[in-house]
Amino acid sequence: MGPALELTSVPAWTTAVTRPDADLSGRQWSIIAFGPAGAEVARGWSDQISASGRVSAVRVHEIAEQDGDGPARAALLADLAHARVGWRLMIAGPADACLKVRALAMETGIADDEMTVASTDVASRSVQCVHCRTVTSAAVELEDVLACSGCGRNLLVYYHVSRRQGAHLGFMVDAEEQTAR
């Protein structure tokens with residue numbers, strides 16, 4: 001039995017599919033959407049923003065899930081170059097892709113309260129090995145064991161998400177067990 005998630009660094013949207021409303025407190029919005037499910041959420045957000053009558057500028061970037069975070073990174077950095085007070089970031093797609101964009105956003109100084117995240121899939125996680133620093137992505141749950149693709153250690157997927165790396169923490173599950181000599 002794990003800890004209460006609200007007492008960990010694991011965002012709730014990484015463990016359950018979420019569909020929050022658009023953040024209507026802004027004046028400009030960038031929406032990054034991964035795959036068809038993310039694009040559907042983005043359309044809903046755009047409609048909410050338009051209906052609010054507050055539209056100043058809305059940029060929607062639809063990115064194919066298989067393209068990874070490279071295009072999302074480029075879109076975010078390009079939009080930030082033109083951002084003004086009241087700019088908001090909204091991200092929709094698989095939780096592991098959203099975590100990576102969130103990490104980049106935080107690196108550039110964007111605060112959590114300036115971001116809205118909708119997760120469309122929570123089956124896959126990126127797990128960083130504390131031993132060799134390799135990031136392994138796989139369909140795993142918290143507390144599952146995963147073989148590190150770098151060093152081969154069996155990693156426990158722990159209740160910690162690095163805001164800087166955008167990945168879950170994994171450490172050797174049997175590190176305290178005595179090995180036969």
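Residues are numbered from 1 along each chain as its sequence is written. In this predicted model, local features require pLDDT of at least 70 and side-chain atom pairs count only at pLDDT 80 or more, while totals for chains, interfaces and linings use all residues, and side-chain values rest on heavy atoms, with hydrogens and water left out.

Helices (H or I, at least four residues) and strands (E, at least two) are DSSP runs, numbered from the N terminus. An open sheet is formed by five strands in the order 6-5-9-8-7, with mixed pairing; two strands pair if DSSP finds at least two bridges between them. Strand 6 (135–139) and strand 7 (145–147) are the edge strands, each pairing on one side only. On average, neighbouring strands of this sheet are turned by 45° against each other, direction ignored. Axes are lines fitted to C-alpha atoms, for helices over the stretch in contact, and angles run from 0 to 180 degrees between N-to-C directions.

Within the sheet, strand 8 (residues 154–162) and strand 9 (residues 167–172) run antiparallel and are joined by five bridges. Val157 has Gly170 of strand 9 as its bridge partner. The hairpin of strand 8 and strand 9 has four residues between the strands, and Gly166 in this hairpin takes a positive phi near 70°. Strand 5, in turn, runs parallel to strand 9 and is joined to strand 9 by three bridges. Here the bridge partner of Val127 in strand 9 is His168.

Tyr158 also belongs to strand 8. With a relative accessible area of 36%, Tyr158 is partly exposed; the classes are buried (under 20% relative accessible area), exposed (over 50%) and partly exposed in between, with a 1.4 Å probe and protein chains only. Apart from residues up to four places away in sequence, Tyr158 touches Leu142, His168, Leu169 and Phe171, where contact means heavy atoms within 4.5 Å. Tyr158 and Val10 are separated by 148 residues in sequence and by 9.5 Å in space, C-alpha to C-alpha.

Helix 3 (residues 95–107) lies across strand 5 (124–129), strand 8 and strand 9, and runs at about 50° to strand 5. In helix 2 (residues 70–80), the residues Ala72, Ala75, Leu76 and Asp79 are buried. They lie on the same side of helix 2 because they cover an arc of only 95° around the axis, the arc being that of the directions from the helix axis to the C-beta atoms. The buried residues of helix 2 pack against strand 1 (28–34), strand 2 (57–63), strand 3 (87–94) and helix 3.

A nonpolar core is a set of buried Ala, Val, Leu, Ile, Met, Phe, Trp, Tyr and Cys residues joined through side-chain atoms within 4.5 Å. The largest such core has 29 residues, of which Ile32, Phe34, Leu76, Leu89, Ile91, Val101 and Ile110 touch the most other members. At least two residues of this core come from each of strand 1, helix 2, strand 3, helix 3, strand 4 and strand 8. Helix 3 provides the largest share, eight residues.

Ser119 is located in strand 4 (residues 115–121). This residue is buried, with a relative accessible area of 0%. A polar atom of the Ser119 side chain lies 2.6 Å from the backbone oxygen of Trp13, and the side chain of Ser119 also reaches the backbone oxygen of Ala16 at 3.0 Å. Leaving aside neighbours within four places in sequence, Ser119 is in contact with Trp13, Ala16, Val17, Thr18, Gly93 and Ala95.

The loops contain residues with contrasting accessibility. In the loop between strand 6 and strand 7, Val140 is buried, with a relative accessible area of 7%. Not counting residues up to four places away in sequence, Val140 touches Ala123, Arg125, Val127, Leu146 and Val157. Val140 and Ser124, 16 residues apart in sequence, are 6.1 Å apart in space, C-alpha to C-alpha. Glu143 also occupies the loop between strand 6 and strand 7 and counts as partly exposed at 38% relative accessibility. Although Glu143 is not a glycine, it has a positive phi of about 75°. Arg133, in the loop between strand 5 and strand 6, is exposed, with a relative accessible area of 53%. Arg133 is likewise not a glycine, yet has a positive phi of about 70°.

Terms used
A polar contact is a pair of N or O atoms within 3.5 Å; within protein, one must be able to donate a hydrogen and the other to accept it, and residues adjacent in sequence count only if both atoms are side-chain atoms.
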